[in-house]
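These are my notebook entries on one structure. I set down what I looked up, in the order in which I looked.

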Amino acid sequence: MRDNVLMREALREALDEEMARDERVFLMGEDIADPMGGSYKITLGLSTKYGKHRVRNTPISEIAIVGAGVGAAITGMRPVAEIMYVDFLEVAMDQVVSQAAKIRYMSGGQLSVPLVIRCQGGPGRSAAAQHSQMLEAWFFHVPGLKVVMPSTPYDAKGLLKAAIRDDNPVIFFEQNGLYNTRGPVPDPGEDYTVPLGKADIKREGKDVTIVAYAQMTLFALQAAEQLAKEDGVEAEVVDLRTVSPWDKETVLRSFRKTGALVVAHQAVRQGGVGAEIAATVYEEALDLVDVEIARVGAKFAPTPFAPHLERYVIPGKDEIVAAVRTTLERGGRFGAVGQAAAQRAGAV
Amino acid sequence: MELLRVIDGEGRPLREAPCTDEDARALLERMIFLRAFDERAVALQRQGRIGTYAPYRGMEACQAGAASALSPEDWLLPTYRDHGAAMIHGLPVEEALAYWAGRVESYRAPAEVNVFPPAVPIATQIPHAAGIGWGLRRAGSAAAVLCFFGDGATSEGDFHEGINFAGVFRAPVVFFCQNNGYAISVPFSRQTAAASIAVRAAGYGIAGERVDGNDALAVLDAVRRALQRAREGGGPTLIEALTYRVGPHTTSDDPSRYRDPEEAQRLALGDPLERLRRYLAGRGAWDEADEARAQEAARARVAAAVRAVEAMAPPDPADIFAHVYGAEPLFFQEQRRRFLAELESAARPGAGGPAARGPAPGGAAGGPAVRTEGGGR
């Protein structure tokens, strides 16, 4: 085990190991071959190692990247298609939603589409309205797709390897704000996968459940530290890791323990993944008398170019902390979680 | 661009045929079968026994001619109007008919028959064809891909991206455009300012050819040569087959609202079956007894398919969740369990609700989604 591996290196190792393990795995996308090695260098070195037939630079054609990936997948290949930004996947929506996700069904189970669509994106880099969106909810809405959004290098590598081995089309959404984060990852060649559809409790707590994924998980952990220090509130942080199918069992188990839920993501709050989770938890926990649920998400506005305006639109640690405090106050719970909360309230 | 013709509108030979009389006879028999299927399907729709249907009348030479050029290992990607070609390539007749009856288990080609599900949204299959071609090449297969689409599809982005892709990677694909003159009500002159579709091949750096799509021998010849080129590493070919959609877009459409009934005569493409019939008769290779035998065989084969489809048990409600995922997620299995439990409790004596009536007659999910009025092309 190495304890300080970059997320981008963990992702590259996953691709490298799966290509070495399985001849059928090949990569396709814009600018992914050497010397460029991908706009974010995730595929750097792989075309040199495996040849340009297995790491294919393609024309700027998102429809054809996804569509040809679908075609290759049904012949038994295991294509990993890179779409440079999740925003550009909009161009290929029909191929993703009505083709990749439907062909198993429309063929009566005769054909399967083991296609991974890697894309990256997200706010926080002043990349403006067309290069910063968190569009996971669009794919979350589609039966037949899986949507994976890791938060740590360990999870990223294990989930990408699992996605490549999965027989369903998988949207593998890498948040670019995480590419330079570091964390423990097993040694190269030590084969492990992280199962799709399983959440991970990144921090245990008894007072409130914070459900997050991708970079928001890191903000949730920071929020939890702050809440512990300033309020004496012990937050449990559930990292979904896979957004669809999401791990209802783990979320509900945590919620039944804490009785309070904050679902947090950087995607627009309206119609977001958080809305589905909040509603489901509410429906499933009707037997609980004292239930508090809140959502944190982006404002219903395009992502501004100006950095100080972008910060207003996109939530992070502070918004999670505020949502937890509001939720617990609404539920009259601060008395239950200690004097520190009352002191904090008095100090404000 | 020159229009390839092997026989003229009266069935007179213009050049050497690409096949023996025996092969041409088999081709005519296939076309007779395709027409019998199409006529019966339209009748079944009118009787309310199947759903909306997209007839291919007048396009039998394209479908039988092109599909007859395929080897068994080759892939065929049909649209909703190309079940004729799909049946020639080995899709069971029952499966083709069951599709139009809205059966979820329809259009399932046997494992050894490489027929893709029909593309109903327009041009989406063109990038797939490029990818299938890649996959076959990487697997070391000598098989090639035949991708059907219509003139309307050439206005979609998928057409441009898919053909360009296939050209760049020299994928072994034959792009076969049936230019039947109409995308629902919009004539070809409103799809492109170009004089033909085949000329566009030059813009993609691939081979292009234009054939008389009502001349089955010309279609067979052009597609056979293009498949050979693909197999030999010569890259894709764009073939434009000029034909005419004699019938409506679908059984929900009335073409008399938007086109002149005399138009078909003016085009002088002739009936594809009649042209091949005259050609063979002129060579002493087809007579009335042959015709009667072929007609009878075709009718019997279609009738057997109708019986088989109508004898199918009503679709199982659980089918709505079938084949959505490989290795189903837990929540998905739970969804099915809950649904079936609800159905069961509603079906108990005294229970009400729509589920109590049991499975709906006719279709389940997964059937044809051909848009009717105001949609689909």
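Entry 1. Axes are lines fitted to C-alpha atoms, for helices over the stretch in contact, and angles run from 0 to 180 degrees between N-to-C directions. Helices (H or I, at least four residues) and strands (E, at least two) are DSSP runs, numbered from the N terminus. The model is predicted, with local features needing pLDDT of at least 70 and side-chain atom pairs counting only at pLDDT 80 or more, while totals for chains, interfaces and linings use all residues. Residues are numbered from 1 along each chain as its sequence is written, chains are lettered from A and ligands numbered from 1 in the order in which they are written, and side-chain values use heavy atoms, leaving out hydrogens and water.

Entry 2. I looked up helix α3 (residues 62–74) of chain A and found that it lies across β2 (25–29), β4 (78–83) and β5 of chain A, at about 170 degrees to β4(A).

Entry 3. I then traced the sheet in chain A. Two strands pair if DSSP finds at least two bridges between them. The sheet is open, has seven strands in the order β3-β2-β4-β5-β7-β6-β12 (chain A), and its pairing is mixed. Its edge strands, β3 (55–57) and β12 (242–244) of chain A, each pair on one side only.

Entry 4. Buried means under 20% relative accessible area, exposed over 50%, and partly exposed in between (1.4 Å probe, protein chains only). Five of the five residues of β2(A) are buried. Val25(A), Leu27(A) and Gly29(A) point one way, whereas Phe26(A) and Met28(A) point the other way. β2(A) pairs with β4(A) in the parallel sense over five bridges, and the bridge partner of Phe26(A) in β4(A) is Pro79(A). β2(A) also runs parallel to β3(A), joined by three bridges; there Gly29(A) stands opposite Asn57(A).

Entry 5. I turned to the cores. A nonpolar core is a set of buried Ala, Val, Leu, Ile, Met, Phe, Trp, Tyr and Cys residues joined through side-chain atoms within 4.5 Å. The largest has 164 residues, and Phe139(A), Phe37(B), Phe175(B) and Phe176(B) touch the most other members. Helix α1 (residues 21–46) of chain B gives the most to this core, with eleven residues. A second, separate core of 34 residues includes Val25(A) and Val116(A).

Key. Contact means heavy atoms within 4.5 Å.
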